[in-house]
Amino acid sequence: MIPKVSVENSIDPLYLEYFKELKALGFLGDIEYSYAARLAVGVDNSVYQQLPQGVLLPRCIKDIQLAVELANKPHYAKITFAPRGGGTGTNGQSLTPGITMDMSKHMRAYSDLDVENRTVHVEPGVIKDYLNKEIKSYGLFFSPELSTSNRATFGGMISTDASGQGSLKYGKTSRHVLEIDMVLNDGSLVTFKPYSGEALKQKMSQTDFEGNIYRTVYAIATEKHDEIFAHFPDLNRFLTGYDLKHVYDIETDTLDLSRIVCGSEGTLGFIVGAKLDLTVIPTYRALVNIKYDSFNSALRHAPTLVEAQALSVETVDSKVLNLAKKDIVWYSVKDLITEVPGIEMAGINIVEFAGTDAEEEETKLKALTAVLDKELKNGKKLGIIGYQVCTDLRDVLSVYAMRKKAVGLLGNAEGDAKPIAFTEDTVVPPKNLADYIVEFRKLLDDNNLRYGMFGHVDSGVLHVRPALDMCDPEQEKTLRKISDKVVELTAKYGGIMWGEHGRGYRSEYGPKFFGDLFVELRKVKAAFDPTNRINPGKICTPFGNDEAKLVSVDATKRGFYDRQIPIQVRHSFREALSCNGNGLCFSFDTSSPMCPTYKYLGNRIQSPKGRATLMREWLRQLELAGVNVLAQEKIQQSQGFSIVNFAQRCINTLKDKPGFTEEVKEALECCLACKACKSQCPIKVDVPDFRARFFNLYYGRYLRPVGDIMAKTIETSAPLMSKAPRLFNTVNKLTPVKYLVKHTLGFTDVPMLSYPNLSTLLKDTCVEYFDFDKAKNYTAEEIKNFIILVQDAFTSSYDAPVVADFVRLATKMGKRVLLLPIKPNGKVQHIRGYLREFAKSAASTAEFFNQVFKLHIPMIGIDPAMTLCYRDEYVKLLGDARGSFEILMCEEWLLKNKDLLAHKELKDKNFYLLAHCTQKTMKPSTHADWQQIFKAAGLNLTPIPVGCCGMAGLYGHTSSREETSKSIYNQNWAPVFKKYDIHSCLVTGYSCREQVKRMENETVLHPLQVLLKHLDDKL
């Protein structure tokens, strides 16, 4: 069995003392210093890993001031901080060995929206896309765009002066920041905004901490003005961090310290709020997706496209395109970026026209397409092989969703070497970009590196991510070598090393780039943070403190820890080890199926990224303890019941104190196993997979909850109980039984068995019970008329009317239905980590299904989660031994046979589809399929984008998760039924229908039931 894993004495006692005193002083936010909490913020979207001493999650400005003021006591002089937002930085800006000040959980409010003047005030934890969603009805949005906009916070965007697509017109974040509220190093709260004249003199005359900052920056900006303008390149993506070029306007004698803070990467103080300038939403948007025979052609054509006065010109290379084609995101753009017959599409440029004057933008669009048509007729001399125009807003957004996801998709490349961010935001004048990239590519090719490229060619920014295996120490050296060479190359072409994603651990290149001006940056740092306690080592060190050191590209990386895990284990647990920290699982959007527990709890631990990070560390700790995880799994697969083993597990359960293993268990138990992460995550992090493996190992050391025994056998016990549903339902309704079930088995709201049961409901149908010997003798002509209904224990036992109605529907469509006996699917066993039992169930069921499949009769399953298990968990577990059997989901079969649905026009009746989250993510055509089916029947169906219902099989019936389950429902599904008539809402998942029944006391229909009623003229 596995050993107990407990990481002790890893926190400096001084920090523990600080945390306890801070809480006693009335800190209202969260103070977390468990190993799990620290690990969750010990990584970002960079290659680095740095374990902090703890995490502070303030609720208000006073919390931050309290934390800073306490730290200013001489006793706590060694304590340091680093502010953190969404944790999407690619260069480790928010990583720290001190305290992480995480603003993203509680400080998420916006206020003072002024529609007329187009301004709003935000707290640092407000997410960009959330704000834009909230103010969309006013025709306004915050315009700087970035690929991480659905989880990037304004505090982080300001700290990195973020920008992205459209920056040629909209500029960077700093252009839209009017004021910044900041808690300084002395605990004072200040507001930075433009000051001139008497107001500026007043600021500089102050004798306090703030006054010294104004005097220092004003002196540098005026005395070094000419040197600053001569040294800093004149680029759209101007220098981020201590922006001395834009902090002072010499003509108006105006000083705006907010421009110093923008891009300062949390090194000057704590951003606690900002007043933002908003932009009018374009009423016209159109994209021209131009295809090329080579990426070089795309790059060299880009300057011409910029001259078309477009909003933006984005580029994507063939590497990214090919990765996108393997991802769920391609389903939404495959008709917008079609292949050119006979020619490889090796790159695309995405040109957007947007504005409030449709006629003007259309004129620009037509002018560009006329040029493109001419070039295509000239024999593709420029490498153009075709283009497509899309003007529908949904299509425009779909293309950009694909482009945004490209950041994460690169991390899903095959093999141990992954494209990684470390030289990915260089910027050069656009006219130099193609030549620059030629040399850049030669550098990578000479080092035999694979790489992907995408970016903003209109601004001269190209994201280049070379593929390296950071578990290989030699390739880590290559990272340093390439990094140094790129610095030299960028300087050669008149650019800068950090045009978009900031410096972080690349700060060591600052002195060389800035030259003599680097001293001035150090003076700025000294004015704001003389004791070097706010994100120390990033950007620069305080002037006068020569002992302080800059962080380095060579800092400790995730690969250093991962390489301590044997390569066989890394490959086996790829779903956890491959997480690159891109943070797409932090999306705020409740209509997205991605990780419902994170959306509800707002806890970084309870996200696919957090869970993967914990699992990686747990595997490393087991290896340090001398445990071969794969060997242990094999032992448990073959190990039968043993009195000695049982006794030892009893002792461990009673005597072991909570440790890191318990923290991992809590994180994984909270997961609903909805599998949205597997398809929504660009890296395909599959939490349910390694969750099951963890539980399998965990319960090899400890006793299982009694309720797990019931869960293990539910697929065999439920069909037996359904033979006498009234008896068991009566017993289950008894108060003493409910109490016993809840407090002994750990289950609540146990569902009622269907009454009448399935066998009774099928009596008036033409269903035939499957007889293998009889079926083998069917003629080819007879087989055409048959279908086989594959039962699952849950729908047949607890929602029998759906099964019976499917039989009736298929019969109405002219089919004879063979009802297959229930064979255990095993999904519940897999979820609870009964991997030995699941293997037996899967092997037995697969063998049976393969025999049935040889009859060449379509096999159909009703519940999507159970049916998809045969395509996912069975394939992963059994491999080739799974066989070739195919079980269709009911909509897949209906779609193939939609011509058999009698077309009847139905007016003034609309239905709304709420599909199962696993179904939507693993089968992205789900909504479109059902719409086609309903259209064929003459019915209107509108898909409703909605997240998880919170039930997820037995999860919602587990007493310890009841509150979470109901809260997730209230967050995601309850608002739908306030907007739409619940009787018109159709639900495909059994567990979802069960959750609605529990929460709304209403029975919702499966789509197939509406089709049946329609054909029966009973709607």
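1. R832 and E669 are both buried, meaning under 20% relative accessible area with a 1.4 Å probe and protein chains only, where over 50% is exposed and in between is partly exposed. The two residues form a salt bridge with their closest N and O atoms 3.9 Å apart; the term stands for a side-chain nitrogen of Lys or Arg within 4 Å of a carboxyl oxygen of Asp or Glu. R832 sits in the loop between helix 37 (827-831) and helix 38 (835-853), while E669 belongs to helix 26, so the pair ties together parts 163 residues apart in sequence. Helices (H or I, at least four residues) and strands (E, at least two) are DSSP runs, numbered from the N terminus.

2. The model is predicted, so local features need pLDDT of at least 70 and side-chain atom pairs count only at pLDDT 80 or more, whereas totals for chains, interfaces and linings use all residues. Residues are numbered from 1 along each chain as its sequence is written, and side-chain values use heavy atoms, leaving out hydrogens and water.

3. E669 has another salt bridge, to K665, at 3.3 Å from N to O. Both K665 and E669 are buried. They lie four residues apart in helix 26 (residues 660-669), which means a separation of about one helical turn.

4. The count of salt bridges comes to 60. Among them is K128 with E145, whose closest N and O atoms are 3.7 Å apart. This pair links distant parts of the chain: K128 is in helix 4 (residues 128-135), and E145, 17 residues away, is in the loop between strand 7 (140-141) and helix 5 (154-160). K128 counts as buried because its relative accessibility is 1%; E145 is buried as well, at 19%.

5. The last topic is a helix pair. Helix 24 (residues 629-638) packs against helix 28 (residues 687-698) at an angle of about 70°, the axes being 10 Å apart. Axes are lines fitted to C-alpha atoms, for helices over the stretch in contact, and angles run from 0 to 180 degrees between N-to-C directions. Helix 24 and helix 28 are therefore roughly perpendicular, the word used for angles of 65 to 115 degrees.

6. Where do helix 24 and helix 28 meet? V629, L630, Q632, E633, Q636 and Q637 in helix 24 meet R693, N696 and L697 in helix 28, contact being heavy atoms within 4.5 Å. By class, the contact has three nonpolar, four polar and two charged residues. Ala, Val, Leu, Ile, Met, Phe, Trp, Tyr, Cys and Pro count as nonpolar, Asp, Glu, Lys and Arg as charged, and the others, Gly among them, as polar.

Note on methods. Angles under 35 degrees count as roughly parallel, over 145 as roughly antiparallel, 65 to 115 as roughly perpendicular and the rest as oblique.
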